[in-house]
Amino acid sequence: MAVNLVNVEAVSKVYGTRALLDGVSLGVSEGDRIGVVGRNGDGKTTLIRMLAKLEEADAGRITHSGGLRLGVLTQHDSLDPAATVRQEIIGDLADHEWAGSAKIRDVLNGLFGGLSLPGFEHGLETVIGPLSGGERRRIALAKLLIDEQDLLVLDEPTNHLDVEGIAWLAKHLQGRRSALVCVTHDRWFLDQVCTRMWDVQRGAVHEYEGGYSDYVFARAERERIAATEETKRQNLVRKELAWLRRGAPARTSKPRFRVEAANELIADVPPPRDTSELMKFANSRLGKTVFDLEDVTVQAGPKVLLKHLTWQLGPGDRVGLVGVNGAGKTSLLRALADAARTQGDAQPAEGKVVVGKTVKLAYLSQEVGELDPNLRVLEAVQRVRDRVDLGKGREMTAGQLCEQFGFTKEKQWTPVGDLSGGERRRLQILRLLMDEPNVLFLDEPTNDLDIETLTQLEDLLDGWPGSMIVISHDRFFIERTTDKVYALLGDRTLRNLPRGLDEYLERRQQMIEAAGPAPAAATPVKKKASGDARAAQKEMQKIERQLGKLSEKETKLHAQIADNATDFEKVALFDAELRELVTARDELEMRWMELAEDA
């Protein structure tokens, strides 16, 4: 029988006049993997903070088992700004001790892309103070995962992680023995990691067996039986249920309710999008040309991110854009946005971007735009437009669209300055859509949005007729809202991935395996014309042997740096040699990927 780790008995918590939690009783046992969902502001974070005894309940009792080893990731880290990354993550362990630990190597590779922390200027010796919030968060997560715990409590652990990092974290948590309670809006992650769900709603917590997909099924059944009066919420659940049953890849092994009831519930629910109808409407709004790129080079300062790119975004195209950090996803969107803003006058470093004459672009960047904090929510939306045409005969007033985005009639009169980060993000998206664009660029639109708002946004985008590019680390959102996936793999090219994100992760894994367990490099291999598949495979094998042998050279260099840590001149020489190896290794990996295409 599983040992009980945490007991929550009749707990209540009140803020002002609002009861966030009202008489909630729950338990966490050994082996539990619990995902916590609910609208922003309904008490998810408050619940897990009280669970971890970081916040006191107004009534009721929370007890921990004796000697409970608890690890907590909160929204704000407690890292020492004067400390180095090494001091916070590894502590006083000698190099041979931490480098000999499979767990530490796995965490550093998974969260930072290598033992030398390639994204940090000074690697492990980088001082924490000047780092960004996302970098600090990864350090806090790494520090937590290296330790052993009986229970992990994680608040939005996938924030600031890319698709690969999220996939690694899911696999890592699946292999841990500790129990888990996790708040996240990443539905793919919830499906991979969790076996139970807590749904926080109106002061209560409803429990469901299974991951996120099972939760959607069971919640839809529960609402059908209860004959809930919340028609709008029910319709959204039914629509997402239809998506999970019909359109999405198999996400769940054993739904915990009657499949017959699910099929009956969605019998009259149409597919999420009528693609052909939307395409016709998009053509009428946009014409034949949206964005045509001819032999384009995209740069960020002196760094070349994309070279010789010839690509077309057509009317009605819905594209998901994924790739390694720094590969150029946001830079590509900015180049297109600049060309649209100047009606083609602003052009990239090389090549040409042709913009359709009727293009009306809305660009949601990762930064939340500043608004007058004294404006009311409804006023901020009405400043853009009073009514909006959503296509296919659908029209909404500013107030109706506010309600669809979770701003109730009372909330619409809240000053913008009093909104949370997630609410401001919602308002930003709402204002963009209110301007009736026919092309949408969404750069990380899911940041700070709760799951219910995400489903509402997806529902709105289902009937939106236009062209769209989405950059997101949220796999569920990309699969739900787009029809094609393109990837930037760091080799200055844009690739179409017919099998979507699964293919992207496979390709990235191939690149990692090609580099060997400790990637090193040698003299760069010159690119030659591709022959037949056999010739390509032969050259691939040659590169793999090179990389395997060269890993020893890099290992020796690391050892020499450690042995001469106090001789700065020698360390500088070894470091310069190491940088040359890394540069050459990158060229080898690019060549291997080109050959993999031929093979």
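Two strands pair if DSSP finds at least two bridges between them. Helices (H or I, at least four residues) and strands (E, at least two) are DSSP runs, numbered from the N terminus. This is a predicted model: local features need pLDDT of at least 70, side-chain atom pairs count only at pLDDT 80 or more, and totals for chains, interfaces and linings use all residues. Residues are numbered from 1 along each chain as its sequence is written.

Strand 10 (residues 291-300) pairs with strand 13 over 5 bridges, in the antiparallel sense. Glu 294 stands opposite Lys 352 in strand 13.

A pocket is an open set of points on a 1 Å grid over the protein atoms alone, where a 1.4 Å probe fits, with protein on both sides within 12 Å along at least five of seven lines; lining residues have an atom within 4 Å of a point. The second largest pocket holds about 1200 Å³ of space. Its lining has 43 residues, with Arg 39, Asn 40, Gly 41, Asp 42 and Arg 426 nearest the centre. Helix 15 gives the most to this lining, with 4 residues.

| Lining class | Count |
|---|---|
| Nonpolar | 7 residues |
| Polar | 17 residues |

Asp, Glu, Lys and Arg count as charged.

Conventions:
Side-chain values use heavy atoms; hydrogens and water are left out. Grid points are joined across faces, edges and corners, and a volume is the space filled by probe spheres set on the points.
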